[in-house]
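This report describes a protein model for a reader who has its sequence and its structure at hand. Please keep both in view while reading.

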Amino acid sequence: MVEWAVEAHLARADRLQAATGALATAAMAAMEAKLPWFGKLSAQDRSWIGLVAQSGISAFVDWFRDPEAHSSMPTRIFGSAPREFTRVISLHQTVDLVRTTIETIENTIGTLLPPADVPIVNEAIQRYAREVAFAAATVYAQAAEMRGAWDARLEALLVDSVIRGETDESVRSRASALGWTGGAGTAGSAVPGGAEVAVVVGRAPAETSPPANGSSNVVDMVRHAAREAGADALCAVQGDRLVVVLGGTSEPVEIVQKLARWFGPGPIVVGPVVKDLMAAVTSARAAVAGLRAVAAWPGAPRPVYADELLPERSLSGDGHARRQLANEVYAPLTAGDGALLDTVSAYLDSGGSIEATARALFVHANTVRYRLKRVADLTGYNPLNPRDSFTLRVALTLGRLLNPEAGSSTL
């Protein structure tokens, strides 16, 4: 009795084997008719899908013939498809393909096999379909994991290029490949790299020290939080620091305040806003220099703009900060008769006394007040503010050392 059942089963498998070509052809025709998106694929992509369908039907026959010997067959169906297969169609579309193929087999099998075979084959194919569905989910999960790992490496390389000042057209294309738009919530920012950008640098959280899942998790969180706040972000953990390239916002400090929880303890420095991703090296350079110098200002806000750290950056050896102070603060004060430069110098030398300044210059106290207001309007630094007066003092010292021409910007 057992031998007869085995022989009958093998004969049924042989009949099913003979019908595979017709089943594959019917499945492809059903896909064309029932799935609108299928006809929009390229001929090459449709041929790959047809190959997968045919492979799946052949694999089903082998599994049907001996389930124990071919228990892993459902997971090997997608082995004939290229890796790009998962980028061409979604998991949902793959499920539609499997469903359409199964329905086609169920509707066609009765015309290709004896009536006695149909219930047995239909029951087997329902079991097999479940295994194929799990196999498809596994393929897409693995593809997503590989794509995520590649994207993380590409993002880290892109951020490193910005930090090292090696920005070129490849940076723009790489950012575009990562979905960078310069601001997810900003209207009109569809051109990659075309929106305002600022680079943010701070200490990485302690849990990212082992460069395993922790760092990528923090990067994902920062990126998600930035997009929730209406900006775009490229992130990377570089040693003990976390670097974020923000796009699509002219007020990066407001965004960074919402991201601060993902940074480690200590200062967070925001570089100046630049016009696009290609100019981000300027912002990155200032942010990195600011992070190096911020320890000299214990009361610095968190986050702090790199331009608020110009005195500390200058003292720490940042040549760009020195030239910025000399050109943008000192040089304008030398214009005209130099009265503003003399007044602010006397005011700083007198310890911040307007009356003492007036006596030293032989002018009225109100004249001193008027000139100091002119200094504030001209430079953006108010001599009456202790922090601003410190910046002015450093700027005057640097300007005298560098001896720029009045109004020069070519130091």
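## Terms and source

A contact means that heavy atoms lie within 4.5 Å. The model is a predicted one, in which local features need pLDDT of at least 70 and side-chain atom pairs count only at pLDDT 80 or more, while totals for chains, interfaces and linings use all residues. Residues are numbered from 1 along each chain as its sequence is written, and side-chain values use heavy atoms, with hydrogens and water left out.

## The protein as a whole

The secondary structure comes to 16 helices and five strands, where helices (H or I, at least four residues) and strands (E, at least two) are DSSP runs numbered from the N terminus. Of the 411 residues, 45% count as buried, a word that stands for under 20% relative accessible area with a 1.4 Å probe, protein chains only. Among the contacts with a separation of 6 or more, 67% are between residues 24 or more positions apart.

## The nonpolar cores

A nonpolar core is a set of buried Ala, Val, Leu, Ile, Met, Phe, Trp, Tyr and Cys residues joined through side-chain atoms within 4.5 Å. The largest one has 27 residues, of which Val159, Ile163, Trp180, Val199, Leu234 and Val245 touch the most other members. Two or more residues each are given to this core by helix 6 (117-164), strand 1 (197-203), strand 2 (232-238), strand 3 (241-247) and helix 10 (280-293), and the largest share, five residues, comes from helix 10.

Leaving aside residues up to four places away in sequence, Val245 touches Val159, Trp180, Val197, Ala198, Val199, Asp232, Ala233, Leu234 and Leu277. Another core, of 23 residues, lies apart from the largest one and includes Leu341, Ile354, Leu372 and Leu398.

## Asp276

Asp276 is found in the loop between strand 4 (268-270) and helix 10. Asp276 is buried, with a relative accessible area of 14%, and its side chain reaches the backbone nitrogen of Met278 at 3.1 Å.

## Aromatic rings

Rings of Phe, Tyr and Trp (its six-membered ring) pair if their centres lie within 6.5 Å, and planes under 30 degrees apart count as stacked, over 60 as edge-to-face and the rest as tilted. By this rule there is one aromatic pair. The ring centres of Trp37 and Phe38 are 6.2 Å apart and their planes stand at 70°, so this pair is edge-to-face; both Trp37 and Phe38 are buried.

Notes:
Buried means under 20% relative accessible area, exposed over 50%, partly exposed in between (1.4 Å probe, protein chains only). A polar contact is a pair of N or O atoms within 3.5 Å; within protein, one must be able to donate a hydrogen and the other to accept it, and residues adjacent in sequence count only if both atoms are side-chain atoms.
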